Amino acid sequence: MKKKFLLFLRTLNARAYVRIFGQMREATWVVASVLGGFFTMTTYIYLYRTLGTGSEFTGLVVLGGFMIPFFMNVLWGVATQLYWEKEMGNLELMLVSPAPLSAFLVGLSVGGAMHTMLRSLAVLFFGIAVFKVQFTVLHLPLALLVFLVTLFSMYGLGIVFSSLFLYHGRDAWRTADLVMEPTNVLSGSYFPARFLGLGLVGIAALIPTTLGLDALRQLLVPSFTVKVLDWRWELLILIGLGVVFVFIASWALRAVEYKARRDARLTLRWQ
Amino acid sequence: MHTAIQVENLTRVFNRRGTAPFHALRGVSFDVSYGEVFGLLGPNGAGKTTTIKIMSTLLLPTSGRVTVAGFDVEKGYTHIRPLISLISGGETSGYGILTVEEQLWMFSQFYGMETPVARARIEEYLKIVGMWDSRRQQMNRLSTGMRQKVNLVRGLVTDPKVLFLDEPTLGVDVEASVIIRNIVRNWVREKPERSIILTTHYMAEADELCSRVAIINHGLILANAPPSQLKADLDSRAHYEITVDRLDGEQLNLITAHMGEGNDLVLGVDKVTNSPMLVAHLMHESDIARLITALAGQGVTLEYMRKLEPTLEDAFLKMVGKRFEDEEEVSPVS
Amino acid sequence: MKGFLASMYIGLQIESNWTKKWVWLLYLAAYPIGSFLAVIILYGVFGQKTGLLPYALYGTIFYYSLSMVFFDMAFSVHDDREHYQTLKYIFLSSTSYRTYLCGRAATRYLIALAGIIINLCWLIPVLRLPFHPDWGYLIAGAILGYLVAAGLGLAVASVFLLTIKLDVDVVDALFGGIFVLSGALFPPTAFPAVFAKIAEFVPLSPFIELMRRAISGKILTSFLSDMSTFQLLGRVALSAVVLFALGWVLVFFGSRQAQRKGYIDVTTAF
């Protein structure tokens, strides 16, 4: 058991190393990614001003701008990664090794989250500085807890999706591309999810960003009242979602690997 | 346990959209013992890589049984993976943005190696392949030969019991190929509990390295024997090329008659010296003495003589070529 | 021309051969929805009184059509170099790389336009959008818009030829900035005066406003209202010529530099 655990940790560490230190080798992304996030945030802030909404929406958008990069990283940096590893010929080497696939993916998640954190914090800082947004710092520790739980749940979902990408390849990639923007919208990244109506919110709640953002807005934006549920309930749901996703991911990776070995999909490139 | 790999009646069928199923393997059986370098030869599309993929747990058999180090590839793959390593020729795998050292360390971690142990082995093997000075170079800056050397080190650093080499010298220059072959040869010699399964298109490589060779074509094993036996089975006659100062048709007829039935003599020209060259196919090696005596009797002077040994390539072509002529209708390749 | 058509064909295969034809047609129709869903919700919930829904919806849709062109061109370099590893073969062929990029992007553009047309068929009656098309301006604008976007895309592609790692973030930043100022989603008059003035000169602003007027038959806001539709067309034409020529030249120099640095066939596998 100890040996398996150490193997998991070593693999996680090695894969996270690639993501973290590989990124540092061309640091232009730091400036560019912050600017990109800042521009997206600015777009929606001025949109709300055009629509004549109150200044509290600026805070909502800034928080959305903080969370969106994580969701993007989950979708494109974690979920699709096994597809790219297969295309580059790395997947077969990873599978021939005794390291579990989940360890690679958790390593990717850790590396990706650390990389994304820098960007998101910079976007948040610029958002606060340029648009003079005010957040409540009283609930900062609770907000941090909600944020970490949301990350745990989001990356769990990403690992579930990665098994789909492992098997389906291009089809899954295209589907992700198709649903990316609607998912951003439905998860309340640009506006309070409550405005979608209970039915849609119920579905959108499966995306951890929806409830995570809603809870963060309740804790950090003093005037935010258009909530889906009380943040305590949302935190509990997020924990539940995270646990469920981890279980599904663990089963799905094994099941899909078996299916892929049977159907000769593990080394099939350019599907 | 002496058997590293057991393959029994292995079949593999690929179903493809819009075409008939493709039978890549049609009942393959062989064993590989520990301490052996086992070669798998065959033309393109014969089923070599499919066999390797099944043995290395990347692919499941359609039917049949394969065990590696005593574990079944279908159910026991988690026990097999710590014991094996795979090196493919023409590999573009790895992360181009990492240095050689980082890349090798990363893969060692996937096998749970402690970092100090991994670093020591990486240093040892990089020095053997002559890449130690390049350890801090990024992978995307390496030439094909250098990459393949790094791939070889990657496969060896984890000290596997069974090493799968799928065309390891593909696209690699002569010097790098020699280094790779030397390492392969010594690696098994160092520890007899290791085995190598090698696929290659270079017959000389298989002849040099393999203790046993299986020739596969259209998913079937055509032969499974040591290279020397395959060559011996090919043609039991002795063959010589003899360059002489002069020899005309009449002299040739006389000598042929003297040598008797079963001994064939063909007159040609030595391309280097332009002198007449006699190619002799003799029933017995001892007949060469009679031939030389007969030539001397005709006043012919020998300038140069060499014995022609049948090569593994000859054996391969004979088996595979024959099979192409005899082949039944097979399912179309997708 | 053969090279351009072959590139269009490759673009079509890359976009479509991952699934059955009918599934792909559904995908083609559904894809643009992501671009305007937020617009419909936000303007529907918050902006009914502003009457700006047609402005934002038409603007976003036409921005989307051009974004497909420049994103495709920007990412093609990386795709061909790292993923398909065919960049070196394209360079060695008799078709210039610029022609190849333009061909692939042209397919992307046509696919985007097809998706837009399909969606406008239901958006216009359901949302009661103003629809008094001037087909001349629409077609001219569409062609010139492609050239504007292609020019931008070529310029970015020339930069990517000289970087070995795909910098999605650089593309996002550049085109994110253009999107903010382009007036696609809201009139730039909402900005402080200096940025509102800058927005008038952003390459895509005149194109988007031209297409808005060409399809709706109206001037919907005060942004660029001092220019007639014909003047807008002139400005778009000028942008198209300048940007396309600039992009064309930049790729030429980018290619030469990439060849000198050995970047044509390098991979990072990051």
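User: What makes the largest nonpolar core a core, and which residues have the most contacts inside it?

Analyst: This is a predicted model, in which local features need pLDDT of at least 70 and side-chain atom pairs count only at pLDDT 80 or more, while totals for chains, interfaces and linings use all residues. Residues are numbered from 1 along each chain as its sequence is written, and chains are lettered from A and ligands numbered from 1 in the order in which they are written. A nonpolar core is a set of buried Ala, Val, Leu, Ile, Met, Phe, Trp, Tyr and Cys residues joined through C-beta atoms within 7 Å. Buried means 20 or more other C-beta atoms within 10 Å of the residue's own, exposed means 12 or fewer, and partly exposed lies in between, with C-beta atoms placed from the backbone. The largest such set has 251 residues, and Ile197(B) and Val148(C) have the most contacts inside it. H7(A) gives the most to this core, with 16 residues. A second, separate core of 10 residues includes Ile242(B), Val244(B), Leu247(B) and Met277(B).

User: What is Val148(C) in contact with, leaving aside its neighbours within four places in sequence?

Analyst: Two residues are in contact if their C-beta atoms, placed from the backbone, lie within 7 Å. For Val148(C) the partners include Leu66(C), Pro203(C), Phe207(C), Val236(C) and Leu243(C).

User: Why is Lys132(A) called exposed?

Analyst: Lys132(A) has 9 other C-beta atoms within 10 Å, so it falls in the exposed class. Its place is the loop between helix H6 (101-131) and H7 of chain A. Phi of Lys132(A) is near 55°, a positive value in a residue other than glycine.

User: Why is Asn9(B) put in the class partly exposed?

Analyst: The count for Asn9(B) is 14 other C-beta atoms within 10 Å, so it is partly exposed. Asn9(B) lies in strand E1 (residues 3-14) of chain B, where strands (E, at least two residues) and helices (H or I, at least four) are DSSP runs numbered from the N terminus. Asn9(B), too, is not a glycine, yet has a positive phi of about 45°.

User: How do you know that strand E7 (residues 162-166) of chain B is mostly covered?

Analyst: Of its 5 residues, 5 are buried. On one side of E7(B) these are Val162(B), Phe164(B) and Asp166(B), and on the other Leu163(B) and Leu165(B), so both faces are covered under the burial cut-off.

User: What makes E7(B) a partner of strand E6 (residues 84-88) of chain B and of strand E8 (residues 195-199) of chain B?

Analyst: Two strands pair if DSSP finds at least two bridges between them. E6(B) and E7(B) run parallel and are joined by 5 bridges, and E7(B) with E8(B) is likewise parallel over 5 bridges; both pairs therefore qualify. Asp166(B) stands opposite Ser88(B) and opposite Thr199(B) in E8(B).

User: Which elements of chain A give two or more residues to the side that touches chain C?

Analyst: 32 residues of chain A are in contact with 35 residues of chain C. The elements are helix H2 (28-51), H4 and helix H8 (170-186) of chain A. H2(A) gives the most, with 15 residues.
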